[in-house]
Amino acid sequence: MEKLEIMPIEKGLSGEVIMPGSKSFTNRALVMAALSRGESRLVGYSDSDDSEILIRALKKVGVKIIKTKKQIIVQGNGGVFKEFNGAINLGLAGTAMRFFTAMACLIPGKIILDGYERMRQRPIVELVNGLRELGAEIRYLEKQGCPPLKITKPIKKGGVAAMNGGVSSQYFTALLLIAPVLQGGLAIKVIGQQISKSYIDMSISSLKDFGVRVKNENYQKYLVSPKERYGATNYVVEGDASGASYFWAIAAISQNKIKVKNINPASLQGDIKFADLLKRMGCKVIKNKKEKWIEVEGVRELKGIEVNMEQMPDTAQTLAVVASFAKGKTKITGLSTLKDKETNRLLALQTELAKMNIQTKISSDYIVIEGGEPRGAEIETYDDHRMAMAFAMAGVKIPGMVIENPEVVGKSFPEFWKKLKGLGIKTL
């Protein structure tokens with residue numbers, strides 16, 4: 001197994017990082033462009049493994065896509081697909097699995113959607129139930145409630161679907177993405193409370209960029225009228241706030257100053273507020289909306305905080321590692337979705353922080369970190385890109401931080417190690 005050791009850096013570093021496009025926005029745009037009529041161009045896209053998996057799946061069912069270094073050109077079909085019979089493997093790409101499950105229900109034929117072993121453990125029952133309400137015929141081939149799935153009857157009409165709002169916002173996004181090509185419009189009811197509202201906001205904003213208006217009734221119901229249709233467009237993917245969090249965290253841990261560019265301080269991405277959490281811990285933060293950058297400067301002593309990260313769960317691991325260097329306790333709540341990610345992230349955090357001599361307490365939706373004096377350790381990444389990037393940050397402060405399976409970062413941020421090198425951070 002390949003391993004990578006991060007070398008500590010001295011104080012006095014001042015660097016800049018230009019962020020690549022957001023994977024979340026890229027994957028939404030790929031589906032919308034495919035379902036539009038005419039040619040769309042996506043500029044500044046994410047070159048992540050997950051986006052590449054989605055592109056391959058779209059091509060397999062007949063969507064014409066040309067990818068260059070500068071743009072992705074998608075020839076949309078307006079939601080009209082030729083019959084497809086076969087299997088499509090979506091690997092570990094959770095977003096792609098959810099989005100493509102809904103999209104596959106537009107395609108005539110018999111389609112099997114599968115993934116790697118971890119994907120076969122990740123729940124999808126709420127989305128399947130919602131699609132079944134609209135007339136889709138979907139069967140679980142192995143474990144109930146999880147992929148692989150067999151889809152044998154496409155849906156053409158919209159109507160009303162209801163799903164539990166407390167499991168994943170991606171289920172709602174998946175239905176919203178196909179709504180404009182369904183006859184009669186679509187109403188999606190939320191059972192209980194909607195989790196991860198920031199991602200719903202991102203989806204509704206993305207649909208608007210492709211000409212579709214969604215009526216949001218206080219996150220209890222989403223309405224897409226029968227008149228709404230996608231329009232092909234030239235779409236600029238904004239920079240990735242999740243990826244930016246690692247570089248702001250490096251500044252915080254190492255007491256240095258790092259400016260992250262191509263990042264919109266007014267973004268709808270929930271993770272854009274990660275810099276504000278570092279400010280609460282004592283860091284200095286400067287934002288520039290006009291030029292689209294956020295700069296974080298670390299301080300001599302970080303302090304523990306208590307925060308609900310339900311709207312930004314993808315940066316919970318980042319904050320947990322920063323908190324291990326802070327004075328006092330940090331309690332992060334709102335993490336009920338972390339057990340169903342690429343790994344059980346709460347358990348993985350506890351296990352790996354323990355190797356660094358950091359005590360934690362976890363439950364089904366929170367983690368408490370006792371700040372202290374972390375020591376170097378060899379970190380298992382559990383095939384989870386965010387475990388690799390979050391723990392790599394600790395290596396800028398303490399020696400002996402070794403990351404196993406470092407190439408896993410390609411899932412969302414293939415340039416991560418290159419970006420570290422650009423800041424003068426060395427690896428072995």
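Here are a few notes on some residues to look up in this predicted model.

1. Start with Arg386. You'll find Arg386 in helix 11, which covers residues 385-392. With a relative accessibility of 5%, Arg386 counts as buried, because the cut-off for buried is under 20%.

2. So what does Arg386 touch, leaving aside residues up to four places away in sequence? The list is Ser242, Tyr246, Asp314, Gln317, Arg345 and Ser412. Take a look at Tyr246 in particular: its side chain and that of Arg386 are joined by a polar contact of 3.0 Å.

3. Next, the cysteines. How many disulfides are there? The count is zero. Take Cys105: its closest cysteine sulfur belongs to Cys146 and sits 17 Å away, which is too far for a bond, because a disulfide needs the two sulfur atoms within 2.5 Å. Both residues are tucked away from the surface by the numbers: Cys105 is buried at 0% relative accessible area, and Cys146 is buried at 4%.

4. Now for a backbone detail. The peptide bond running from Pro147 to Pro148 is cis, and its omega is near 5°. Pro148 belongs to the loop that links strand 8 (137-140) with strand 9 (149-153).

5. Finally, check two phi angles. Tyr382 isn't a glycine, yet its phi is positive, about 60°; this residue is in the loop between strand 22 (378-379) and helix 11. Asn405 isn't a glycine either, and it has a positive phi of about 50°. Its loop runs between strand 23 (401-404) and helix 12 (416-422). Are they buried or partly exposed? Tyr382 counts as partly exposed at 22% relative accessibility, while Asn405 counts as buried at 14%.

Conventions: Residues are numbered from 1 along each chain as its sequence is written. This is a predicted model: local features need pLDDT of at least 70, side-chain atom pairs count only at pLDDT 80 or more; totals for chains, interfaces and linings use all residues. Side-chain values use heavy atoms; hydrogens and water are left out. Helices (H or I, at least four residues) and strands (E, at least two) are DSSP runs, numbered from the N terminus. Buried means under 20% relative accessible area, exposed over 50%, partly exposed in between (1.4 Å probe, protein chains only). A polar contact is a pair of N or O atoms within 3.5 Å; within protein, one must be able to donate a hydrogen and the other to accept it, and residues adjacent in sequence count only if both atoms are side-chain atoms. Contact means heavy atoms within 4.5 Å.
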